[in-house]
Amino acid sequence: MTATTSTAAREVHRTAAPAAAGRLRRRRLPFSAWHLLLAPLSLGFALPLLWLVLSSVMSNAEINRFPPALWPHGIDLGGYRYVLGNAMFPRWFANSLIVAGVSVLSNLLLGALGGYAFARMRFAGSRLLLALMLATMVIPFQLTMIPTFLVMKELGLIDTLGALIVPSLVTPFAVFLFRQFFLALPREIEEAAWIDGCSRLRVLFSIVMPLARPALATVAVLTFLATWNDLSWPLIAINHDTQYTLQLGLTTFQGLHHTRWSAVMAGNLITVLPVLLAFLFAQKTFIQSLTSSGLKG
């Protein structure tokens with residue numbers, strides 16, 4: 001009886017010791033140990049943005065002072081007033097919104113149609129066509145720049161916003177991402193709608209698209225980032241300053257007003273804010289799409 005009791009006591013001690021050690025570790029470190037590495041890294045990535053915000057509310061004297069001021073003595077909004085009042089910044093901002101907005105909507109519509117066709121429909125040459133489409137993703141822009149310019153010139157779109165919108169109406173990446181997401185959806189959902197007499201388009205827009213919110217958010221965010229931050233193609237296709245996008249206008253603005261660093265910093269901050277807001281609002285669905293779109297291929 002005594003031996004049995006001592007054996008049971010040892011078993012209880014062995015099982016209780018790791019639990020007690022775990023509670024002790026959690027009491028000493030109330031967060032994951034990875035945070036000790038990620039927190040300094042995130043701070044390092046955030047420092048340029050913090051410096052941009054602080055510099056935008058500094059005076060030119062504080063920015064040009066040596067050694068540079070690390071903290072503004074007061075909030076000076078002169079840079080913002082100069083950008084919004086004495087430059088064509090509002091017009092450039094509107095142009096960027098038009099180009100990015102139309103490109104996002106067209107990629108959501110056309111990309112979903114193309115992705116659904118490749119995911120659910122089998123036709124002659126579908127695999128070859130998909131392979132050729134994906135192969136265009138590895139072609140650098142420098143090789144297609146001149147042919148694209150000649151096509152836009154023949155269409156009469158050079159020096160208009162149409163020259164920036166038409167090449168971005170649909171991208172191979174959007175089609176591929178939608179295809180991968182649709183492949184992960186069970187066919188039984190669509191087959192039930194087909195039995196009820198729904199057409200393919202109605203099934204797509206009424207049943208499949210509401211389930212594809214993660215893919216929609218991902219395509220929207222990535223398309224917005226690509227078109228909003230694009231500089232090389234607007235630099236080639238646009239000549240008149242009234243048609244400049246924000247990136248192209250900011251480059252010209254910075255070159256013309258390089259001594260007004262507060263205005264340059266304010267313009268950069270205005271340019272960055274829409275990108276940050278777009279990602280923050282779609283962050284959750286963006287991550288869901290990245291974890292689910294590659295389940296089946």
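# Predicted model: burial, helices and ring pairs

Biologist: Why is Phe-118 called buried?

Modeller: Phe-118 has a relative accessibility of 11%. Buried means under 20% relative accessible area, exposed means over 50%, and partly exposed lies in between, with a 1.4 Å probe and protein chains only. Since 11% falls under that limit, Phe-118 counts as buried. This is a predicted model, in which local features need pLDDT of at least 70 and side-chain atom pairs count only at pLDDT 80 or more, while totals for chains, interfaces and linings use all residues. Residues are numbered from 1 along each chain as its sequence is written, and side-chain values use heavy atoms, with hydrogens and water left out.

Biologist: What makes Phe-118 and Phe-123 an aromatic pair, and of which kind?

Modeller: Their ring centres are 6.3 Å apart, with 40 degrees between the planes. Rings of Phe, Tyr and Trp (its six-membered ring) pair if their centres lie within 6.5 Å; planes under 30 degrees apart count as stacked, over 60 as edge-to-face and the rest as tilted. The distance therefore meets the rule and the angle makes the pair tilted. Phe-123 is partly exposed, because its relative accessible area is 36%.

Biologist: How many aromatic pairs does this rule give?

Modeller: The count is eight. Ring pairs also join Phe-89, Trp-92 and Tyr-244 into a cluster.

Biologist: What does Phe-89 touch beyond its sequence neighbours?

Modeller: With contact taken as heavy atoms within 4.5 Å, and neighbours within four places set aside, the partners of Phe-89 are Val-83, Leu-246, Leu-250, Gly-267, Ile-270 and Thr-271. Phe-89 is also among the residues with the most contacts inside the largest nonpolar core, along with Leu-164, Phe-178, Phe-182 and Val-208.

Biologist: What makes that set a nonpolar core, and how many residues has it?

Modeller: A nonpolar core is a set of buried Ala, Val, Leu, Ile, Met, Phe, Trp, Tyr and Cys residues joined through side-chain atoms within 4.5 Å. The largest one has 50 residues. Helix 5 (residues 89-120) gives the most to this core, with nine residues. In soluble globular proteins, nonpolar side chains tend to be buried together.

Biologist: Is Leu-250 buried or exposed, and where does it lie?

Modeller: Leu-250 lies in helix 14 (residues 246-256). Leu-250 is buried, because its relative accessible area is 5%. Gly-267 is 17 residues from Leu-250 in sequence and 6.9 Å from it in space, C-alpha to C-alpha.

Biologist: Why does the length of helix 9 agree with expectation?

Modeller: The expected span is 1.5 Å times one less than the number of residues. Helix 9 (residues 172-184) has 13 residues and should therefore span 18 Å; its end C-alpha atoms are 19 Å apart, which agrees. Buried residues of helix 9 include Ala-174, Phe-178 and Phe-182. Phe-181 also has its place in helix 9, and its relative accessible area of 6% makes it buried.

Biologist: What is said of the span of helix 2, and where does this helix bend?

Modeller: Helix 2 (residues 35-56) has 22 residues and reaches 31 Å from first C-alpha to last, close to the expected 32 Å. The bend at a residue is the angle between axes fitted to the seven residues ending there and the seven starting there. At Ala-46 this angle is about 35 degrees, and Pro-48 follows within four residues. Leu-52, Leu-54, Ser-55 and Ser-56 of helix 2 are buried.

Biologist: Why is Ser-262 called buried?

Modeller: Ser-262 has a relative accessible area of 4% and therefore counts as buried. Ser-262 belongs to helix 15 (residues 261-281). Beyond neighbours within four places, Ser-262 contacts Ser-55 and Ser-56, among others including Met-58 and Asn-60.

Biologist: Why is Asp-159 called partly exposed?

Modeller: Asp-159 has a relative accessible area of 24%, so it is partly exposed. Asp-159 sits in the loop between helix 7 (141-154) and helix 8 (162-165). Its phi is near 65 degrees, a positive value in a residue other than glycine.

Technical notes
Helices (H or I, at least four residues) and strands (E, at least two) are DSSP runs, numbered from the N terminus.
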